[in-house]
Amino acid sequence: MENSFYLIILIIFFFTLLFITYYFHKTYPELKWDWKDINLNKINFPNNFIWGTATAAHQIEGRCENNWSEFEKGYKSNGLPNIKNNQNSGIACDSWNRYEEDIKLMEKLGVSHYRFSIEWSKIQPTENDINKDAIIHYHDVIDCLFEHNIVPVITLYHFTHPIWFEKKGAFEKEENIKYFNKFCKLIFKEFSPKVKFWCTINEPAVMTSMGYFNAEFPPGKSDPQLCAIVLYNLLNAHVEVYRTLKNLKHGSESRIGIVKNINHFDPWKRWNPFDWIATWAVNKFFNNSTIEFFKTGYYSVKIPGLMWYSKYNENAIKSNDFIGLNYYSHNYLKFNWSISDPFEIKYKYDDIMTDMPYAIYGEGLYRSIKDISVLKLPIYITENGIADMKDDRRALFIKRYLYALSKALEDGYDVKGYFYWSLLDNFEWAFGYDMKFGLFEVNFETQERSLRKGAEVFKKILSAN
Ligand code: GAL
């Protein structure tokens, strides 16, 4: 009797796993194109399509004193430095001083838009101090952009904040959102007569997973539950900022949106139900929770044994005039029966790797556009690019991803523009200066910039479109 009971339980368990595998396999196909059959010269864009490049203050300006510059001095629990080989951002590309030179490079490239961030810690170095010189500096940058016929696109928060804000607990505490809101209000009042295109927060899920799960970004914690809370606070901060700015003068004529990174996690083995369960959990946190929040107002990350958090904010539904999509690649995930390392990232033998720990996957851009289109908002690709020190894959990357983008447009998706990451080689966070994302190579000894051979195809596509 007892034996047959266990047998029935076992059979039910087996069929449940089979069902999970079948259901996920059918619901989440991994898009793969046969690139041999694709004509990469057939890339067309509408006349009014927007072309730009993107950067972030901490990565290019130099001399930042914020949560990141503090983190750069620290070490991980295993004794290794937080930043590869103990590098630090230092003077970076010295763009604080060389912005005019950089703007001329954009002009040479033929882009019409530039997405950059305002460094909060330079504007408000202490809680009660506003640095007027820093405000004047950003006015100069914006004016210079206009002189060169380039439209400014401001990001209000790109991973960095002042040290005083960090000391208050940053976005770990919901009550701290008011400080960020106040900063955004100040910046908007100052620049909105000139700037009509605004990104609030860059990649909340990247920032939280790297800062509160992997411990590779500040504050270097590994606390999944806190990770879920910080992500919600960042999304909520966006909603509050959106409402605040929209109610200010120039609010209604400005386009304001958040920037979402999509990185799909695909199962290492499509027949393995545990790989599917692992990808479901990671996709739920990293991709789907944000999309669902803006679609329904519900934020829910309930992953047994990892994080358990849900909230509702009805204002989330109408809190974007557009959605910014950052897209780089996808990852294969293998589930391990190990508490310390349950999610293992894997690569396939035929993957063409970038210098970052991910492959070239142009199809993913199409897939992400499709996913984000459920929000029914105009889409801007606010970042896309490759780290390629040897410059032997950049041209292929650009052609494949732009092909995927042109196909998405052809299929009716509402994509309005594309910003290449990045204009220049720059400080690539935990990787330091080892990653070369620039269309322009930077010699960090002399600060000389030069157009990479692999970037010429981008210039060509721009001039043809
Ligand atoms: C994004 C981030 C950028 C840049 C890029 C390349 O996640 O927003 O600042 O680092 O990745 O890795």
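## The enclosed cavity

H4 gives the most to the lining of the largest cavity, with 6 residues. The model is a predicted one. A search of the whole structure turns up 1 cavity of 30 Å³ or more. Its volume is about 140 Å³.

The lining of the largest cavity counts 17 residues. Nearest the centre are Ile60, Glu61, Tyr99, Tyr114 and Val141. Four elements each supply at least two lining residues: helix H2 (57-60), helix H4 (95-109), strand E2 (113-117) and helix H6 (132-147). By class, the lining has 11 nonpolar, 4 polar and 2 charged residues.

## The largest pocket

How much space lies in the largest pocket? The volume is about 1,300 Å³. The pocket is lined by 46 residues, and Ser209, Met210, Asn214, Glu216 and Phe265 lie nearest its centre. Two or more lining residues come from each of helix H9 (204-212), strand E5 (255-262), H11, strand E10 (331-335) and strand E11 (343-346).

H11 provides the largest share of this lining, 4 residues. The lining of the largest pocket divides into 29 nonpolar, 11 polar and 6 charged residues.

## The second largest pocket

The second largest pocket has a volume of about 720 Å³. Its lining has 24 residues, and the closest to its centre are Thr27, Tyr28, His264, Asn288 and Asp371. Helix H1 (2-27), strand E6 (265-267), H11 and helix H12 (363-372) each supply at least two lining residues.

Which element gives the largest share of the lining of the second largest pocket? That element is H11, with 10 residues. The classes here are 11 nonpolar, 6 polar and 7 charged.

## Lysine 284 in H11

Lysine 284 lies in helix H11, which spans residues 273-296. Is this lysine buried or exposed? Lysine 284 counts as buried because its relative accessibility is 13%, and the cut-off for buried is under 20%.

Leaving aside neighbours within four places in sequence, lysine 284 contacts Thr279, Ser289, Glu292, Ser300, Val301 and Ile303. The backbone oxygen of serine 300 lies 3.4 Å from a polar atom of the lysine 284 side chain.

## The two sides of H14

Helix H14 covers residues 456-464, and its Val457, Phe458, Ile461 and Leu462 are buried. These four cover an arc of only 140° around the axis, so they fall on the same side of H14. The other side of H14 carries exposed residues: Lys460, Ser463 and Ala464.

What covers the buried residues of H14? The cover includes strand E1 (50-54), H4, helix H13 (394-410) and strand E13 (415-421). H4 also lines the largest cavity.

## Threonine 53 in E1

Strand E1 holds threonine 53. Threonine 53 is buried because its relative accessible area is 0%.

Not counting residues up to four places away in sequence, threonine 53 touches Met106, Leu109, Val111, His113, Tyr114, Arg115, Phe419, Tyr420, Leu423 and Leu439. One of these, Tyr114, is also among the residues nearest the centre of the largest cavity.

## Backbone exceptions

Most residues other than glycine have a negative phi, and most peptide bonds are trans. The following sites depart from that pattern.

Two peptide bonds deserve a check. A cis bond joins proline 218 and proline 219, with omega about 5°. Proline 219 lies in the loop between H9 and helix H10 (224-246). The bond from tryptophan 421 to serine 422 is also cis, with omega near 10°. Serine 422 belongs to the loop between E13 and strand E14 (440-443).

Positive phi values come next. Arginine 63 is not a glycine, yet its phi is about 55°. Arginine 63 sits in the loop between H2 and helix H3 (67-71). Histidine 250, likewise not a glycine, has a positive phi of about 75°. The loop between H10 and E5 contains histidine 250.

Technical notes:
Residues numbered from 1 in each chain as written. Predicted model: local features only at pLDDT ≥ 70, side-chain atom pairs only at ≥ 80, totals over all residues. Heavy atoms only, no water. Buried < 20%, exposed > 50% of the residue type's maximum accessible area, 1.4 Å probe, protein only. Contact = heavy atoms within 4.5 Å. Polar contact = N/O pair within 3.5 Å; in protein donor to acceptor, adjacent residues only side chain to side chain. 1 Å grid on protein atoms, 1.4 Å probe; cavity = no way out; pocket = protein on both sides within 12 Å on 5 of 7 lines; lining within 4 Å. Points joined across faces, edges and corners; volume = space filled by probe spheres on them. Nonpolar A, V, L, I, M, F, W, Y, C, P; charged D, E, K, R; others polar. Arc of directions from axis to C-beta.
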